[in-house]
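Let's take a friendly walk through a protein chain, going from single residues to the whole fold and back again. Please have your viewer open as you read.

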Amino acid sequence: MDGLRQGGQGVYDLGGKVVVIAGGSGGIGAASARRFAAAGATVVVGYHRGADRAAAVTESLAGDGHWSVRLPVDDTAAVDKAAQLVGERHGKADVFVNSAGTTRRIAHSDLDALDDAIFDEIYRVNVRGTFSAARAFAPLLRASGDGVLVNISSLAALTGKGSSVAYCASKAAVDTMGQSLARVLAPEVRVLAIAPAAVDTDFVPGRDRDAIEAQARTTPLRILVDPDDIAVSVIGAVTHLRLATGTVVLVDGGLHL
């Protein structure tokens, strides 16, 4: 076999696994934390400013051993510190979910409104932050021997339609980065991206529920997507897509059709 692993991997068992979630204090991150905990994993809820929200999420999780850590992805020193703390406590990370991100709602036609400061902020969090987190946690994911890195992407990366030109471009960069990371982190780590369309959260400033409902009505499946719908997709990709890496999974209700 000479370095080959045997096929027939079966379903990835989350019992006893260590799952770290950046952006875990709300939205898709919090929903994913609940799903992973219910499946038997120990969950580390990463947060930026929402320490109280992260604590509340942690306390709501099934099972025990869960904890929260400050994990602002655009602060490299803080990300490195979080990885150090996870390493000291667990010695590995089996799954890292990067659900952290930011955007601004700016009409694509208003090029002047998307100034350098906003553009740089979106890229600092969504692109550089994604890389910084992957770099910091790569040794812990490799230590698992069967680790999974999951980036929350967006349909906007494919269509170029979204809250702002910078946001669309940043998610396309994340998807391309995922291909690169999938090559360099293999064979110990799979890299996957989950790409939803609009989700019923307050992620996009100024976007109301009516706008989310309007988009849902245009999709073939006509489902108003809840954060838990995306969390189910995240956990399903981790447990069942055992031979997928560098892959973007669209979970957009068919909006791309």
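Is Asp110 buried, partly exposed or exposed? Asp110 has a relative accessible area of 39%, so it is partly exposed. Here, buried means under 20% relative accessible area, exposed means over 50%, and partly exposed is in between, with a 1.4 Å probe and protein chains only. What you are looking at is a predicted model, in which local features need pLDDT of at least 70 and side-chain atom pairs count only at pLDDT 80 or more, while totals for chains, interfaces and linings use all residues. Residues are numbered from 1 along each chain as its sequence is written, and side-chain values use heavy atoms, with hydrogens and water left out.

Asp110 sits in the loop that runs between strand 4 (95–98) and helix 4 (116–144). Helices (H or I, at least four residues) and strands (E, at least two) are DSSP runs, numbered from the N terminus.

**The chain as a whole**

The protein chain holds 8 helices and 7 strands. Its radius of gyration is 18 Å, which agrees with the value near 18 Å for a compact globule of 257 residues. That radius is taken over C-alpha atoms, and the globule rule is 2.2 Å times the number of residues to the power 0.38. The C-alpha trace spans about 55 × 35 × 35 Å along its principal axes.

Of the 257 residues, 49% are buried. Among contacts with a separation of 6 or more, 74% are between residues 24 or more positions apart; contact means heavy atoms within 4.5 Å. The accessible surface of the chain is about 11,800 Å², and carbon and sulfur atoms account for 52% of it. These areas come from the Shrake-Rupley method with a 1.4 Å probe, and for residues only the protein chains shown count as cover.

As for charge, the mean positions of the 25 positive and 28 negative charges are 3 Å apart. Lys and Arg count as positive and Asp and Glu as negative, with His and the chain ends not counted. Each charge is placed at NZ of Lys, CZ of Arg, CG of Asp or CD of Glu.

Helix 2 covers residues 51–60, and its residues Ala54, Val57 and Thr58 are buried. Down the helix axis, the buried residues fall within an arc of 100 degrees, so they line one face of helix 2. The arc is that of the directions from the helix axis to the C-beta atoms. Which elements do the buried residues of helix 2 pack against? They meet helix 1 (27–38), strand 2 (42–47) and strand 3 (67–70). Asp52, Arg53 and Glu59 are exposed on the other side of helix 2.

**Buried residues and their contacts**

The contacts listed leave out neighbours up to four places away in sequence.

| Residue | Relative accessibility | Contacts |
|---|---|---|
| Lys17 | 18% | Tyr12, Ala41, Thr42 and Asp94 |
| Asn126 | 1% | Gly101, Thr102, Tyr167, Ser170, Lys171 and Val174 |
| Leu149 | 2% | Phe96, Ala134, Leu141, Leu181, Leu185, Val189, Arg190, Val191 and Leu192 |

Lys17 belongs to the segment before strand 1. From Lys17 to Tyr47 the C-alpha distance is 20 Å, for a sequence separation of 30 residues. Asn126 is part of helix 4, whereas Leu149 is part of strand 5 (residues 147–152). The C-alpha atoms of Leu149 and Ala22 are 11 Å apart, although 127 residues separate them along the chain.

**Backbone details in the loops**

Where is the cis peptide bond involving Pro187? It joins Ala186 and Pro187, and its omega is about 5 degrees. Pro187 lies in the loop between helix 6 (165–185) and strand 6 (189–196). Leu4 lies 183 residues from Pro187 along the chain, yet their C-alpha atoms are 9.4 Å apart. Leu4 itself is in the segment before strand 1 (18–22), and Leu4 is exposed, with a relative accessible area of 61%.

Another backbone detail concerns Arg222, whose phi is near 50 degrees, a positive value in a residue other than glycine. Arg222 lies in the loop between helix 7 (209–217) and helix 8 (227–240), and at 56% relative accessibility Arg222 counts as exposed.
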